Amino acid sequence: MISVVIPAYNHQNYIGDAIRSCLTDPLITEVLIADDGSSDRTRDIIESYASAFPGKIRNLTDNPPKNIGAHHRINQLCREARNEWIAILNSDDSFSSGRFRNFAQFAKATNADVVFGNCAIVDSDNRELGKKSAFYDVEYSLPVGWTPEKIASNNEYFLALLNQNFIATTSNLVIKKEFFEKLDGFRAYRYIHDWDFIIRATLTGNVVYSPTMWCNYRIHSGNTISESTHRVKDEARKMFASIIETNEFLTFVQRHRCASEVNVALSGNRYLSDDARIALVVSDYPKSTEIARFLTLFPGSKMVSSLAEVDESIDFIYSPTSSVSIVSNNELRNLFLASAMGGYDFFMLASNLNHTIFSTPNMRDISFIKRASAARILSGDYSSPMLGRIIRLPRQPTGDSVSLSSVFRNAVIRQSGQDVIVSKDPDAGMDLTHRTFDYGQRVSPSRLAGLSEDDTRPVVFVLPSVLAVGGAENVLIEIMRQTKDEFAYVVVCTEVILEAQGSWLSRVLEQCESVFDLAESCHETSRLSALAWLKALYQPKALLITNGSMWQMKHSARIRRLFKDCAIIDHQCYDDKFGWIEWFDHPGVLASDSFIAVNSRIEDAFTSRLNVPSEKIRLIYHPIDSARIEKNLPHISRERSLERFGLDSDRPVVAYVGRLADQKRPQIFVDVAKIAQQNGSNIQFVMVGQGHLSELLDERIARDQLANITRIENIPLLEEFYIAVDVLLITSEYEGVPLAMLEAMSVGVSVVSTDVGDIGRVIRDYQGSEALPVDAAAHEIYERLVSVIDNIGEDRLNAKEAAARVREDFSGEFIGRKYRAAISSAIEIYSNIRAF
């Protein structure tokens with residue numbers, strides 16, 4: 001009825017006791033043993049017992065011997081078992097006499113999938129040191145109000161196991177083989193594979209406690225659990241990171257409505273304790289303003305003058321070459337978040353969007369390093385491979401630019417995106433597919449300073465995909481600029497930004513408290529954990545989701561659950577047919593509390609197709625920085641701008657301004673320019689923008705020898721360019737109301753566009769012109785351009801007259817009031833709701 005499996009490793013003094021404790025029980029019909037590559041006599045002892053009891057003992061030791069780890073060896077043996085039930089026995093433990101007495105009747109009566117019992121604690125000489133009766137004899141105190149009787153009477157093993165591992169050892173488990181297969185066995189943990197297995201078992205199976213079932217759990221100097229407390233804690237954090245994000249966990253908590261109890265259990269789990277700290281190591285020890293800044297940012301951090309002073313209470317170190325080399329607060333915050341999520345030996349800042357370019361050859365200035373790896377990394381000892389993560393947070397150019405090979409001299413470097421392995425081995429691989437990422441080091445958010453205590457503004461998390469150079473980012477900047485006196489914004493990016501997209505990080509930082517980049521700081525599997533960590537730090541009142549991402553869409557239901565005590569304002573829809581609206585049938589997205597429609601077509605789609613209640617929708621057009629434009633206009637002239645951008649004053653200028661992306665169809669703009677050149681037109685075409693189509697478009701322009709096109713990647717103050725433009729051409733397949741168009745109109749530029757979003761309505765109302773059909777051919781667009789340019793004097797006069805109205809109706813101040821009302825109203829809904 002019962003198969004016993006014994007994974008054995010270097011236990012020559014105890015393996016005999018383990019085997020003998022299985023031989024006399026009639027319910028044990030087979031004993032499966034495999035040596036895991038022992039260097040002592042364990043293998044010989046197994047062979048002698050297998051020879052003596054060939055009908056009962058199956059020796060499955062590899063030939064030649066191989067070390068694959070306890071969890072792999074247990075899984076191998078369990079899958080070879082022939083009986084209905086499997087009992088695991090570690091090779092240094094033994095079964096108590098009569099352990100399985102009445103087991104058959106007990107298992108049948110309880111309909112158990114897994115049975116656990118009690119442990120007698122014995123020493124290396126089999127002397128009893130004490131007893132561990134499951135949750136009656138706990139490692140540390142249970143949460144207030146939790147008693148063993150309550151756990152036993154209500155079968156609350158799941159909650160108690162989230163708090164601590166009262167199972168103690170795999171030798172305490174008896175598992176139905178069918179259920180073992182259902183859970184796919186034990187997972188890859190060295191120290192706590194029993195804890196992981198039993199928690200997962202409580203989520204989907206019937207786990208039962210038998211007070212009469214005993215095993216002898218041996219304590220001796222070779223126990224793996226005694227190897228390193230820090231390693232055990234690290235593994236526990238990884239395990240819980242994995243478990244709490246599974247559908248089984250979320251379903252169980254929802255079904256049993258035990259979320260608050262789960263929080264209580266986890267908060268009291270000492271293996272997840274918030275005791276990790278960071279040390280600032282600086283040689284110029286006397287305090288300076290920079291050191292004071294660091295210590296203020298990281299409450300509880302420790303300052304020392306050398307690595308020798310760093311003790312085991314420290315988890316990470318930052319060791320700049322001097323106090324004046326300390327990086328910015330926002331960079332420090334992202335390094336700290338990355339360290340909290342863990343999984344790497346070091347985290348290093350890149351100074352631009354290239355993963356291989358850095359601001360200094362001294363990694364000490366730009367890196368947080370795990371204490372355990374610091375001495376080797378800082379001394380250049382890469383005899384053991386080091387895994388690092390590169391975090392791209394673009395800075396303003398400083399003139400310094402060094403490569404990765406300059407940072408890690410005399411090392412072999414293997415890089416894959418943000419991940420880098422530094423070693424001495426030229427054959428070191430880059431296979432990270434089986435890497436388990438930490439559920440953080442459980443560094444408490446209290447170790448990082450949030451808002452100052454006297455700042456009473458409600459915190460609003462803003463979730464864009466990236467902070468690229470583009471219209472959506474400009475809109476976000478203006479919204480925050482207009483409302484930051486009332487709300488404290490924390491921007492959290494969730495997708496990997498492409499180098500071709502550019503970055504407006506520095507501009508966004510001017511309008512918010514911090515910018516965290518989850519895609520840079522941590523592996524994708526840790527992003528939800530990072531978001532939860534940031535929530536605990538800042539305690540936001542609302543989320544403003546702008547220009548969304550695939551990751552956000554796929555995790556929208558989990559984000560909603562995580563922020564169930566916060567208002568969620570959805571602002572990511574820019575067309576009524578294409579783009580993110582195609583995902584809006586997802587229940588997690590529609591669970592938002594408020595929706596911003598950036599044009600009337602989207603508003604209609606929300607109500608008619610998606611059945612969003614009208615009271616949840618606000619129609620708000622994009623804002624422009626009218627104050628800046630009006631301030632700059634008197635100081636710029638068409639003549640100077642034409643000269644600045646290398647354009648002829650006697651030729652009309654047609655511009656494309658926007659991201660070079662499929663949605664905007666910049667290739668049609670190039671088609672129109674080609675037709676113009678073929679027709680001998682003197683029109684100058686200017687493309688302003690960057691994006692993933694940049695290289696393709698540049699190749700096309702060169703191949704077709706289009707001398708009438710000028711390419712400009714980025715212009716910070718577009719009014720300085722628009723003053724030289726006669727016509728803005730928009731060729732998009734879908735849009736909301738493009739910011740580039742509103743800014744052009746505010747300066748008096750005529751617009752020719754496809755009829756997408758509310759573009760047709762806006763140019764009709766303000767310039768009296770009609771938009772083209774979205775499927776208009778390039779030659780039709782060219783003909784419209786020629787018509788407008790032929791009448792440019794009259795059109796420019798009309799556009800100039802309308803410019804003042806555009807600046808007023810779409811001003812940041814006016815639109816900002818609408819956003820302020822939308823956010824305040826959404827927050828009010830949750831004003832009386834507390835987080836559990």
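Because the model is predicted, local features were considered only at pLDDT of at least 70 and side-chain atom pairs only at pLDDT 80 or more, whereas totals for chains, interfaces and linings use all residues. Residues are numbered from 1 along each chain as its sequence is written, and side-chain values use heavy atoms, with hydrogens and water left out.

The secondary structure of the protein amounts to 33 helices and 31 strands, where helices (H or I, at least four residues) and strands (E, at least two) are DSSP runs numbered from the N terminus. Along the principal axes, the C-alpha atoms fill a box of roughly 105 × 60 × 55 Å. Of the 836 residues in the protein, 58% are buried; here buried denotes under 20% relative accessible area, exposed over 50%, and partly exposed the range in between, with a 1.4 Å probe and protein chains only. Among contacts (heavy atoms within 4.5 Å) with a separation of 6 or more, 76% are made by residues 24 or more positions apart.

Two helix pairings were examined, with axes taken as lines fitted to C-alpha atoms over the stretch in contact and angles running from 0 to 180 degrees between N-to-C directions. Helix H1 and helix H2 (residues 42-52) pack at an angle of about 25°, and their axes are 10 Å apart. The two helices are therefore roughly parallel to each other, given that angles under 35 degrees count as roughly parallel, over 145 as roughly antiparallel, 65 to 115 as roughly perpendicular and the rest as oblique. H1 passes H2 in a right-handed crossing, a crossing being right-handed if the near helix is turned clockwise from the far one by less than a right angle, and left-handed if anticlockwise. In this pairing, Ile 15, Gly 16, Ile 19 and Arg 20 of H1 meet Thr 42, Ile 45, Ile 46 and Tyr 49 of H2. By class, the contact of H1 with H2 comprises five nonpolar, two polar and one charged residues, with Ala, Val, Leu, Ile, Met, Phe, Trp, Tyr, Cys and Pro counted as nonpolar, Asp, Glu, Lys and Arg as charged, and the others, Gly among them, as polar.

Helix H8 (residues 193-204) and helix H10 (residues 247-256) pack at an angle of about 50°, with axes 9 Å apart, which makes H8 oblique to H10. The crossing of H8 and H10 is left-handed. Thr 202, Leu 203 and Thr 204 in H8 meet Glu 248, Phe 249, Phe 252 and Arg 255 in H10, so that by class the contact holds three nonpolar, two polar and two charged residues.

Side chains of opposite charge can pair when their charged atoms come close. A search of the whole structure finds 38 salt bridges, each defined as a side-chain nitrogen of Lys or Arg within 4 Å of a carboxyl oxygen of Asp or Glu. One of these joins Arg 560 to Asp 593, with the closest N and O atoms 2.9 Å apart. This pair links distant parts of the chain, Arg 560 lying in helix H21 (residues 556-562) and Asp 593 in the loop between helix H22 (587-590) and strand E25 (594-597), 33 residues apart; both Arg 560 and Asp 593 are buried. Asp 671 and Arg 700 also meet in a salt bridge, at 2.6 Å from N to O, and connect helix H26 (residues 666-678) with helix H27 (residues 694-703) across 29 residues. Asp 671 is partly exposed at 27% relative accessible area, whereas Arg 700, at 17%, counts as buried. Asp 671, Lys 674, Arg 700 and Asp 704 are linked in a network of salt bridges. The side chains of Glu 770 and Arg 764 form a further salt bridge at 3.6 Å, N to O, with Glu 770 partly exposed at 45% and Arg 764 partly exposed at 38%.

Individual residues were also considered. Ser 594, found in strand E25, counts as buried at 7% relative accessibility and, when residues up to four places away in sequence are not counted, touches Ile 568, Ile 569, Asp 570 and Lys 616. Ser 465 lies in the loop between strand E20 (459-463) and helix H16 (471-483) and is likewise buried, at 10%. Pro 26, in the loop between helix H1 (15-23) and strand E2 (28-35), is exposed at 72%.
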